[in-house]
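Below are my notes on the model you sent, as numbered points. Please read them beside the sequence and the coordinates.

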Amino acid sequence: MDKKLLIGNGAVARGLYEGGCVFVSSYPGTPSTEITEMAAQYDEIYAEWAPNEKVAVESAIGASIAGGRAFAGMKHVGLNVAADPVFTASYSGVNGGLVIAVADDPGMHSSQNEQDSRNYAVASKIPMLEPSDSADCLEFTKKAFEISEKFDVPVYLRLSTRVAHSQSLVELSPRENAGLKEYAKNPQKYVMAPANAKVRRVAVEKRENALREYAETCELNRIEWNDKKIGIITSGVAYEYAREALGDRASYLKLGLVYPMPEKLIRSFAREVEKVYVVEELDDYIESFCRRCGVDVRGKELFSFIGEYTPNMIRKVILGTAPEIPAQADVPVRPPVLCPGCPHRAMFYVFGKMKLNVSGDIGCYTLGASAPLTAMDSTICMGASIGVLHGMNTLRPELAGKSVAVIGDSTFMHSGMTGLLNVVYNQSPSTIIILDNSITAMTGHQQNPATSYTLKMKPAPALDIEGVCRAIGVRRVRSVDPFDIEEVETAIKEELAADEPSVIVAKHPCALLKYVEKKPPLTVDSEKCRNCGMCGKLGCPAIVRTDSGVSIDHTLCAGCGLCAEVCKFGAISREEN
Amino acid sequence: MYNIMIVGVGGQGSLLASRVLGAVCISRGYDVKVSEVHGMSQRGGSVVTYVRAGEDVASPMVPEGECDMLISFEALEAYRYLYCLRKGGSVIVSTQEIMPMPVITGAAKYPENIIDKLKSADVNCLAMDAVSLAESAGTAKASNVVLLGAASAMMDVDVEVWYEAIKNNVPEKFVDENLRAFELGRAAAQQKN
């Protein structure tokens, strides 16, 4: 057997390959992105980026109806976007197997909330598998297709950041037969109008019963007997933490199928051990099931609902012992920042200078909310900037002349266009700024409908963002280069003054794109520098300010020249070679 | 169990370093887990990557106080995670200093004499100017591989295994300069030992 180190997401991609998957459609979102990027490396799999998760799932449903094994991947909040088709696909079922991966982010490493996707499994009546390492990821992905076809149901694969982004060993196998199943028209199954849906509704409950029975013997649920004083019921990466913390001092019921839950198996495990603990990050999902079944367990009264667990935390709670850890040195935090040369920096500098109310969105530019730029007043979810601005402007027209929405290119296409349509339709005098950096940047540079390339790097027609805005009905649409801060300020002033909807597209490619040439770094003339702090307001990590003056770290400087633009004393200039 | 932490500033190349270390450990026949950082922290934030090797590795993260070797691409980050090292563990640190935003804005001060503080702790400290060494190998970007070279001098692994891991994880056109960077780091560590 060929053994390989793979991150969880890569192992899911390998599982898609080995499991005969032929169709992948996803929208990037940390920590799920690499599944689709790595699946795209297999020539045998058709793989694409969709404009959002809803479209991705709908496309995967179509591929499944057509008879192919299909997949869509997303982060936890992406499932909120995709929930509409998912809930009804639970009724219509599948033809080719349909697997939906959802990656939760306990600890919010890269997310705006910490929702627990297991609740979706219950609400949509769709089975959910939860791997705890890369070997599980590979095996469970293949198993998910089998379950999907056997029970005529989509299947969730739930990951978390530490599973998705940790490498561990997997054994590779060849690809299964990946042909298409036969397709025949079947409106009773796939047209979910009330008359048909009512029939399918009954089938769903029948399937739920069959799945509950299957859960009792499913090999993905596993008991490891050790000392029977302590019994641990767990799943996902929490299983690994518990095993690290307790070793063979506890017995484990590791749940691989977390919906539906195996009631009999849980009861029989609980009977055999003296004390049962549920170790699960986020919600008390397993715990409340156990309690409903009358199984006496300890859970969230001892452990937190919030954030990630650690082996030391589990050891302390269950064994009452924990190693003595020396205190962490009292050092300055190092939050993420906009990169040197980032075109967003100029925009946020201007927003701050103009003291605007900024309705923000999801992307690298959310970092414009942090010090010293601090130029963002709300961020909710993908696409929300435009709706939030519209609502505020409608109730407080006096603020409309000082308020903008700011949204990235990919986010605009994801779910900003409908918000803009609402602004036009209901005529709020809102000013929307689209930051077009020619890539989906925050998730690690994915192509999108405006970049001219597909996921598989085939040429594609590029969306004309200004054209779309005009077609939606915005009459005032203009473009600026963010590094021309005078032009940016003029444009914002004029559009804020206009008593109708307007769009400004700030166009400049991401500084990290390979084709963007780094210019020579800038240098501070200490004779001219008055140490006034103006350049420090840009929040550029390359600008170092000490009591004695300002200097620029040449290893970090990308040569964008923004600091030279804002310096009032002409103290900063480019070092020409 | 052998526990390594790689720390630094997002964008400094911890992903590559962790993959090379993972490949080295796996070729020794160990069970291996490596945790990576993707997403927002990569944008200049403090990043931590874990590499664990042993008979049977459960958690992908190194429990605090059990780290055997801390490899840091930046001085302050070494100091931040020093508490994770076990007594007598090793810290290999690049003397490069990158100011975090609270220091740039004046809200905080960059700690002074970090290397002295590391050296006076109950650990083995190897500090080196990894950026200059990398520059002399051909690119400042290879400072991550310079530090791997230094780490290799403290680990009982055949040097050919390291070469192979670097070749398999670095784009072909950068292999030579990375191998040079590795050698410079290794030589510097052997000299200091």
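1. Helices here are DSSP runs of H or I of at least four residues, strands are E runs of at least two, and both are numbered from the N terminus. The model is predicted: local features need pLDDT of at least 70, side-chain atom pairs count only at pLDDT 80 or more, and totals for chains, interfaces and linings use all residues. Residues are numbered from 1 along each chain as its sequence is written, with chains lettered from A and ligands numbered from 1 in the order in which they are written.

2. Helix 5 of chain B spans residues 130-137, and its buried residues are A130(B), L133(B), A134(B) and A137(B). Buried means that 20 or more other C-beta atoms, placed from the backbone, lie within 10 Å of the residue's own. These residues line one face of the helix, because they fall within an arc of 100° seen down the axis of helix 5 of chain B; the arc is that of the directions from the helix axis to the C-beta atoms. An α-helix has 3.6 residues a turn, so residues three or four places apart point the same way. Among the elements covering the buried residues are strand 5 (85-94), strand 6 (124-128), helix 6 (143-152) and helix 8 (175-192) of chain B.

3. The two chains meet through 46 residues of chain A and 42 residues of chain B, where contact means C-beta atoms, placed from the backbone, within 7 Å. On the chain B side, strand 2 gives the largest share, five residues. That side divides into 24 nonpolar, twelve polar and six charged residues. Nonpolar covers Ala, Val, Leu, Ile, Met, Phe, Trp, Tyr, Cys and Pro; charged covers Asp, Glu, Lys and Arg; the others, Gly among them, are polar.

4. Strand 2 of chain B also pairs with strand 8 (residues 166-172) of chain A, antiparallel, over three bridges. Pairing requires at least two DSSP bridges between two strands. V34(B) is the bridge partner of Q167(A).

5. Chain A has an open, mixed sheet of seven strands in the order 3-2-4-5-7-6-12. Strand 3 (46-49) and strand 12 (257-259) of chain A are its edges, each pairing on one side only. Strand 2 (residues 21-26) and strand 4 (residues 69-75) of chain A run parallel, with three bridges; C21(A) has R69(A) as its bridge partner.

Definitions and conventions: Buried ≥ 20, exposed ≤ 12 C-beta atoms within 10 Å, placed from the backbone.
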